[in-house]
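This report is for a reader who is meeting the structure for the first time. Please keep the sequence and the model in view while reading.

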Amino acid sequence: MSMNPLDKPVAQMALALATALILPLFLKSGILATEILIFAMVVAACNLLLGYTGLLSFGQGIFFGIGTYVAGICLTRWQVPVPVVLAGAALLGALTATLVGWLSIRRQGVYFVMLTLAFSQLFYFLAYTFSGLTGGDNGLLGVPRPSIGGAELNAPWSYYTYVAICFLAVFALLIMVTQSTFGRTLLAIRENEGRAAAIGFPTRIFKIEAFAISGAVTALGGALHAMLIGVAPLSNIEYHTSELILIMTIIGGSSSLFGSVLGAGFYLLLADALSAIWPRWLLLLGLVLVAVALFLQRGLWGLVERGYDLVARRGKTPAKEH
């Protein structure tokens with residue numbers, strides 16, 4: 001079976017670049033556009049676990065929250081340079097994900113899911129308990145945005161440009177990971193872990209490495225999000241954040257990295273539009289999610305692929321002779 005042209009790495013990267021360039025043209029809110037790109041990279045990291053490795057993890061909020069707190073603590077208390085903060089957030093996210101992954105993958109199926117959920121609750125209560133460090137319910141206020149050449153990127157669209165560069169770099173990295181031998185091995189583990197182990201692949205190590213990469217990217221997104229809203233809130237490390245990331249992943253489709261961008265954009269734009277219509281907008285959003293689950297099993301990316309195939313077939317149909 002031939003690969004859909006849209007699934008090729010160059011096409012995926014071109015779509016990501018087009019998204020970063022188009023969002024400022026169609027959205028008035030630079031904060032909303034920036035949030036879309038931040039969650040797009042976070043959802044893509046989740047997709048590495050769910051779509052490529054077959055691991056349904058409720059622990060992504062852990063790494064997102066850790067990145068948030070790294071940015072909050074380092075920038076409000078120690079004035080650490082932002083590049084160092086981002087690197088530190090990614091490193092701590094990778095280390096935490098390695099620990100969580102190493103312990104969780106000892107079980108499979110529903111037990112694996114429950115373990116990741118338990119870790120999510122554990123880290124939430126740790127953040128809540130050590131309020132002297134994390135700020136507790138109030139979070140950490142006054143998280144500054146980065147500066148370039150002494151000028152702080154306080155304007156929404158200037159910070160958007162900064163995040164867009166980070167997003168494109170991370171997206172390119174994830175494409176390289178998924179297209180490498182490592183990425184192909186993850187797919188083999190997802191399809192049949194027993195067979196992959198039988199031919200000599202250390203499946204547990206590959207799973208832990210996937211966790212580490214996913215945790216690093218998710219923590220990076222958490223740090224960027226803290227600088228976007230100026231707060232490191234306790235809610236970022238709640239298990240609801242993990243649910244939100246998983247919902248975006250499933251909506252977009254786990255068969256493609258760009259599906260993650262579609263999922264994040266669709267959810268955030270729909271939530272923004274519905275919240276302006278009705279205070280109980282979550283009810284409407286729930287109905288939309290039910291429809292997606294029932295009729296779009298491959299997510300929005302599957303719909304895009306079907307549309308492309310339909311157009312391609314029509315283009316190849318020869319004209320009838322008269």
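## Basis

The model is predicted, so local features need pLDDT of at least 70 and side-chain atom pairs count only at pLDDT 80 or more, while totals for chains, interfaces and linings use all residues. Residues are numbered from 1 along each chain as its sequence is written, and side-chain values use heavy atoms, without hydrogens and water.

Helices (H or I, at least four residues) are DSSP runs numbered from the N terminus, as are strands (E, at least two). Axes are lines fitted to C-alpha atoms, for helices over the stretch in contact, and angles between N-to-C directions run from 0 to 180 degrees.

## Helices H3 and H5

Helix H3 (residues 60–78) packs with helix H5 (residues 110–129) at an angle of about 25 degrees, and their axes are 10 Å apart. H3 and H5 are therefore roughly parallel to each other (angles under 35 degrees count as such). The crossing of H3 and H5 is left-handed (the near helix is turned anticlockwise from the far one by less than a right angle; clockwise is right-handed).

On the H3 side, the contact (heavy atoms within 4.5 Å) is made by Ile62, Ile66 and Tyr69, and on the H5 side by Phe119, Ser120, Phe123 and Ala127. Six of these residues are nonpolar, one is polar and none is charged. In these classes, Ala, Val, Leu, Ile, Met, Phe, Trp, Tyr, Cys and Pro count as nonpolar, Asp, Glu, Lys and Arg as charged, and the others, Gly among them, as polar.

## The second largest pocket

A pocket is an open set of points on a 1 Å grid over the protein atoms alone, where a 1.4 Å probe fits, with protein on both sides within 12 Å along at least five of seven lines; lining residues have an atom within 4 Å of a point. The second largest pocket holds about 320 Å³ of space (the volume filled by probe spheres set on the points, which are joined across faces, edges and corners). It is lined by 15 residues, of which Ile66, Tyr69, Leu92, Leu133 and Thr134 are closest to its centre.

H3, helix H4 (82–104), H5 and helix H6 (131–134) each give two or more residues to this lining. H3 provides the largest share, six residues. The lining has 13 nonpolar, two polar and no charged residues.

## Helices H4 and H10

The axes of H4 and helix H10 (residues 203–229) come within 6 Å and cross at roughly 140 degrees, in a right-handed crossing. Their contact has 16 nonpolar, four polar and one charged residues.

Technical notes
Angles under 35 degrees count as roughly parallel, over 145 as roughly antiparallel, 65 to 115 as roughly perpendicular and the rest as oblique.
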